[in-house]
Amino acid sequence: MNRLGEADSSYLRRAADEPIDWYPWGDEAFERAKEEDKPVLLSIGAVWCHWCHVMARETWHDRDTAAIINERFIPVKVDRDDRPEIDRTYQEAVQALTGNGGWPLTVFLTPDKQPFYGGTYFPGKPKYGLPAFKEVLEAISDLYTNDRGSVERIVNDLTQRFPFVSPLRQPVDPMYLKEVVKQMRSALDTANGGFGGAPKFPYSEALIFLLQYYESTGDRAAWEIVDTTLSHMAAGGAYDQAGGGFHRYSVDAGWKVPHFEKMLNDNALLLNAYLGAYQLSGTPYYRQVASEIVEFVFRDLKREPAGFASSIDADVHHEEGAYFVWEEQEIRDILGDRADAFIRAYNVTRGGNFEPTKNVLYPIGETDKAKFAAEKKALLEARNKREKPYVDRSIHTSWTALMITSLARAYAVLKERRCLDYAVETAHFVMDQMYKDGTLYRTYTDKPVYSGYLEDYSCMIEALLELYEVTQEAAYLDRAEKLLADCEAMFFDRDHGGYFFVQAEDRTPMMQDKPVTDFSVPGTNPQMAINLIKLSHYRDKPEYMDRALALIEGFFDMCRQYPLGHGTYFAALDYYSNPPEVIAIVGHEKEGKELVELANSRLIKKIVMLDYGQYRQRPAVFEGRMAVNGKPTAYFCKDRTCTLPLTDKEDILEMLKRPRFGQDTNSG
């Protein structure tokens, strides 16, 4: 056994029986590399990563390969979910060296952590046009031993590609948002939904921006992109037709065959998107998909005493998708005389639509998920008796916070009380168990480990703000502001603007990233801009709005180059350029909260505040506002100018209709 047997990460513990002398990331490994003048072999992966498991079987367990590694290299293994800053840094390096990235990530470093060669998956024996990893190891060892000058030239060249980037503030034209929609529409696969070809990822943050922009402006082009994409995705095999929830991505352009791992972060973001689509369209299909995602989360990801598992593996006994696929005869045995109709409807064949005799369920022209509800329930009950894939029960703060946000929204839209109750329980768990002595921690298994990154703080601030919007309990605002103050102290660049991904003590010339791109979580600097905009309203602090604008103006030039990867940035720009009305509600607590719930159920972009006499000092928006005739009363305010007081529910519903403006507009 190597040094990974006692690691906190389940991914690292899985490698404990490999014949490689693995180190976890830390000083010990790099000090030994310096002492012995050996290059470091860095392997980065995740417990949910199918090809990581393939490489482990084929390469890391090969004793000849292990012997070369142990003799000539210092091997280090990293869990990308626990240490995203290491992954971000070396992904960029390998992409610069080879044009490719992903997991497993395989990188060769000098003893001072500088990359000079890398790739992704390397087989134990030559195949797929790739050399055996033993050949790669021998070539790298020879290069490092006999041609150190070439190694230094590669390092120096790469170093030049990691310049310190400062946000460059410039005025932003809000009309550019129409151009963003136009560019996204040009990337739309009109036949299948989604963007580009295979493999196909959801781009959830781009969809959320488009929903928000449609709500703001009535731009039909934005809605058509979302509608086309969400309807096709939920009718494909990338959606778990029997159990609900989405697999990570589709290997084909038509969403038919997935990569089978199921991720907490993906399902949190997609739940948010389907809720928004239902809010703006009233389409029952989208409500049903959202409800099924919620059911999947509570059935398969909920953990005790609170929080969510992070991922579900693709494999069982090295067989990809084994838990999720079906043979025709299995379905006949389970469904009996109901099988024929289901088999026709869900593309099941005796020969298999995935692998020989194996089928992924995906329907033809589905518009009613309830049609085969009883059949799918029977299949799910049968599937639950199979050996289940590995579930990583580690809590990761940023991903967990995304699900808190989405469940709070699900309560508002679907009216499922368990969604709010568990979102509240989990938020309290994170803030009580994972926030210690001014530090929000990244990961929790049986104790908190790893100081949090910017994404952990920004996602948790968002979650706390969403809980305030739903509950109107000011304690959530207090905690959000506390985390914001921590962000300012730990991550903010006071000289140049923007938030670093890592805290000051972890910054190196290669680790000075200020993330704006949507990756496994929303782009964190834009997400912080939205958080600041909301807090500026809720706390009546214009300085927060000024800081949000600085982020929006500072990163515009960078984000406009690739709008599809910067949905959160353009959502922030829309939040600033097309600000929501502040809905100020005055009345008794019970009746006032009913109006709060009404507003939350209708709006994606919202600032909702209730005064039922709980404030020691009333926020400025309530100045001169009072309940009329003892009834709960709503004021719709913009730029400190409010409508006449509204007490009639129909009048309030009319004000909540979205989209309200420009219903006939169309980008492009």
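Figure 1. Buried denotes under 20% relative accessible area, exposed over 50%, and partly exposed the range in between, with a 1.4 Å probe and protein chains only. The model is predicted: local features need pLDDT of at least 70, side-chain atom pairs count only at pLDDT 80 or more, and totals for chains, interfaces and linings use all residues. Residues are numbered from 1 along each chain as its sequence is written, and side-chain values use heavy atoms, with hydrogens and water left out. Helices (H or I, at least four residues) and strands (E, at least two) are DSSP runs numbered from the N terminus. The buried residues of α22 are Gly567, Thr568, Tyr569, Phe570, Ala571, Ala572, Leu573, Asp574 and Tyr575. These buried residues pack against α8 (176-187), α9 (204-217), α20 (524-538) and α21 (542-560), where contact means heavy atoms within 4.5 Å.

**Figure 2. The packing of helices α12 and α16.** Helix α12 (residues 284-301) packs against helix α16 (residues 397-414) at an angle of about 130 degrees, and their axes are 11 Å apart. This angle makes α12 oblique to α16. Axes are lines fitted to C-alpha atoms, for helices over the stretch in contact, and angles run from 0 to 180 degrees between N-to-C directions. Angles under 35 degrees count as roughly parallel, over 145 as roughly antiparallel, 65 to 115 as roughly perpendicular, and the rest as oblique. The crossing of the two helices α12 and α16 is left-handed, a term for a near helix turned anticlockwise from the far one by less than a right angle, clockwise being right-handed. On the α12 side, Arg287, Ala290, Ser291, Val294, Val297 and Phe298 meet Met403, Leu407, Ala410, Val413 and Leu414 of α16.

**Figure 3. A five-stranded open sheet.** The strands of this open sheet follow the order β1-β3-β2-β4-β5, with mixed pairing. Strands β1 (23-24) and β5 (115-119) stand at the edges with a single partner strand each, so one side of each is left without a neighbour in the sheet. Two strands are taken to pair if DSSP finds at least two bridges between them. Strand β4 (residues 105-109) runs antiparallel to β5, and four bridges join the two. In this pairing, Thr106 has Gly119 in β5 as its bridge partner.

**Figure 4. The salt bridge between Arg442 and Glu455.** The side chains of Arg442 and Glu455 meet in a salt bridge at 2.7 Å, N to O. Arg442 lies in strand β15 (residues 439-444) and Glu455 in helix α18 (residues 454-471), so the pair ties together parts that are 13 residues apart in sequence. Arg442 counts as buried at 0% relative accessibility, as does Glu455 at 3%. A salt bridge requires a side-chain nitrogen of Lys or Arg within 4 Å of a carboxyl oxygen of Asp or Glu; the structure holds 48 of them.

Figure 5. Arg32 lies in helix α2 (residues 27-36) and Asp21 in the loop between α1 (10-14) and β1, so the pair ties together parts that are eleven residues apart in sequence. Arg32 counts as buried at 19% relative accessibility, whereas Asp21, at 23%, counts as partly exposed. Glu36 forms a salt bridge with Lys38, their closest N and O atoms being 3.0 Å apart. Here Glu36 is partly exposed at 35% relative accessibility, and Lys38 is buried at 15%.
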